[in-house]
Amino acid sequence: MRLGNIKAVGNHDDIATCVEYSEETCQVITAGWDKKVKFWDARSASSRCLNNLGTEVESMSLSGLSLMVALNSSVHVYDLRYLNGSVQAKEHAMDIRIKCVRSNLDIEGFVVGSADGKVSLKYLGESNTENAGYAFKCYPKNRGRHHVVVVNDIAFRLSVRGVIVTGDNEGYATIWDVLNRKRLMELPRFPNSIASLDFNHGGQLLATASSYTYKEATEREELPQIFIDHINEEHIKSAITSSSSKRV
């Protein structure tokens with residue numbers, strides 16, 4: 001990237017919706033509306049493909065050697081070490097329409113955001129066999145539990161275990177402690193729907209893309225904007241330990 005070089009590794013037959021990179025396997029992993037997941041070797045440009053997934057890939061997330069692929073109301077988990085033979089995925093059915101999936105090694109599992117305003121945590125590790133996970137409603141603080149808004153994206157703050165931020169279709173970004181089921185803080189409302197968001201590697205900066213997502217009649221058709229917010233780590237840690245933080 002420092003050299004500014006651009007190289008095309010391949011293409012999909014329809015819109016490409018997701019891109020991940022595996023440092024362990026040196027693969028660029030892409031998915032899209034052509035119902036395929038493709039694995040591109042960044043060193044040789046060779047590739048392999050998972051075909052006939054049956055539906056468009058809405059979201060995808062990579063954690064170590066585990067690839068989570070969101071298909072309608074289920075998450076399929078693939079092990080990157082076993083893609084040469086007959087590929088078998090572990091399917092985790094959810095009772096929600098999934099909009100995004102994000103994984104994290106620290107919690108040995110993944111979280112999904114849904115079209116009906118829920119965030120669900122699913123544990124995968126053997127140490128969590130007695131705790132399958134749980135779900136909670138993700139709604140703006142000033143709206144109340146019965147308000148439903150689509151959760152478009154989720155990002156983990158890597159420097160503090162179990163802390164995520166959600167971005168919804170009404171322009172709200174909310175930081176949660178998913179392990180203790182607490183709302184920690186809510187950022188000032190963005191001018192349009194939140195299409196995507198993510199932390200930098202250190203977790204101090206949050207980048208939020210606010211743009212028209214073609215999902216709600218109330219959205220404003222304006223130029224996309226990217227906002228950078230500094231998130232104080234001590235503020236988050238204080239909110240986690242505060243007895244005034246309420247469970248959602």
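Visitor: Which residue in β15 is the bridge partner of Val165?

Guide: This is a predicted model. Strands β14 and β15 run antiparallel and are joined by 5 bridges. In β15, Val165 is bridged to Ile175.

Visitor: What is the strand order of the open sheet of 4 strands?

Guide: The pairing in this sheet is antiparallel. Its order is β13-β14-β15-β16.

Visitor: Which strands stand at the edges, and why is one side of each left without a neighbour in the sheet?

Guide: An edge strand here has a single partner strand, so one of its sides is left without a neighbour in the sheet. The twist averages 25° from one strand to the next. The strands at the edges are β13 (151-156) and β16.

Visitor: Which residues of helix α1 are buried?

Guide: Helix α1 covers residues 233-241. Buried means under 20% relative accessible area. In α1 the buried residues are Ile236, Ala239 and Ile240.

Visitor: Why do the buried residues of α1 line one face of the helix?

Guide: An α-helix has 3.6 residues a turn, so residues three or four places apart point the same way. The buried residues are Ile236, Ala239 and Ile240. Seen down the axis of α1, they line one face because they fall within an arc of 105°.

Visitor: Which exposed residues does the face of α1 turned away from its buried side carry?

Guide: Exposed means over 50% relative accessible area. On the face turned away from the buried side, the exposed residues are Glu234 and Thr241.

Visitor: Which strands do the buried residues of α1 pack against, and at what angle does α1 run to β16?

Guide: The buried residues pack against β14 (163-168), β15 (173-177) and β16 (182-186). The helix lies across these strands. Its angle to β16 is about 145°.

Visitor: Why is strand β5 largely enclosed by the rest of the structure?

Guide: Strand β5 spans residues 59-63. Ser59, Ser61 and Ser63 are buried on one side, Met60 and Leu62 on the other. Both faces are therefore covered, and β5 is largely enclosed because its buried residues number 5 of the 5.

Visitor: Which residue in β6 is the bridge partner of Met60?

Guide: Strand β6 covers residues 66-71. It pairs with β5 in the antiparallel sense, over 5 bridges. Across from Met60, the bridge partner is Val69.

Visitor: Which residue in the turn between β5 and β6 has a positive phi?

Guide: The two strands form a hairpin with 2 residues between them. The phi in question is about 65°. The residue is Gly64.

Visitor: What is the phi of Lys35, and what is the phi of Asn72?

Guide: Most residues other than glycine have a negative phi. Lys35, in the loop between β2 (27-32) and β3 (37-41), has a positive phi although it is not a glycine. Asn72, in the loop between β6 and β7 (74-79), also has a positive value. Phi is about 65° for Lys35 and near 55° for Asn72.

Visitor: Is His201 buried or exposed?

Guide: His201 is found in the loop between β17 (194-199) and β18 (205-210). Its C-alpha atom is separated by 8.3 Å from that of Ser159, 42 residues apart along the chain. The cut-off for exposed is over 50%. The relative accessible area of His201 is 73%, so the residue is exposed.

Visitor: Which residue in β19 is the bridge partner of Leu206?

Guide: An open sheet of 3 strands has the order β17-β18-β19. Its edge strands are β17 and β19 (225-230). Strands β18 and β19 pair in the antiparallel sense over 6 bridges. In β19, the partner of Leu206 is Asp229.

Visitor: What share of the protein's residues is buried?

Guide: The protein has 1 helix and 19 strands. Its chain totals 248 residues. The buried share is 47%.

Note on methods:
Residues numbered from 1 in each chain as written. Predicted model: local features only at pLDDT ≥ 70, side-chain atom pairs only at ≥ 80, totals over all residues. Heavy atoms only, no water. Buried < 20%, exposed > 50% of the residue type's maximum accessible area, 1.4 Å probe, protein only. Pairing = 2+ DSSP bridges. Arc of directions from axis to C-beta. Contact = heavy atoms within 4.5 Å. Axes fitted to C-alpha atoms, helices over the stretch in contact; angles between N-to-C directions.
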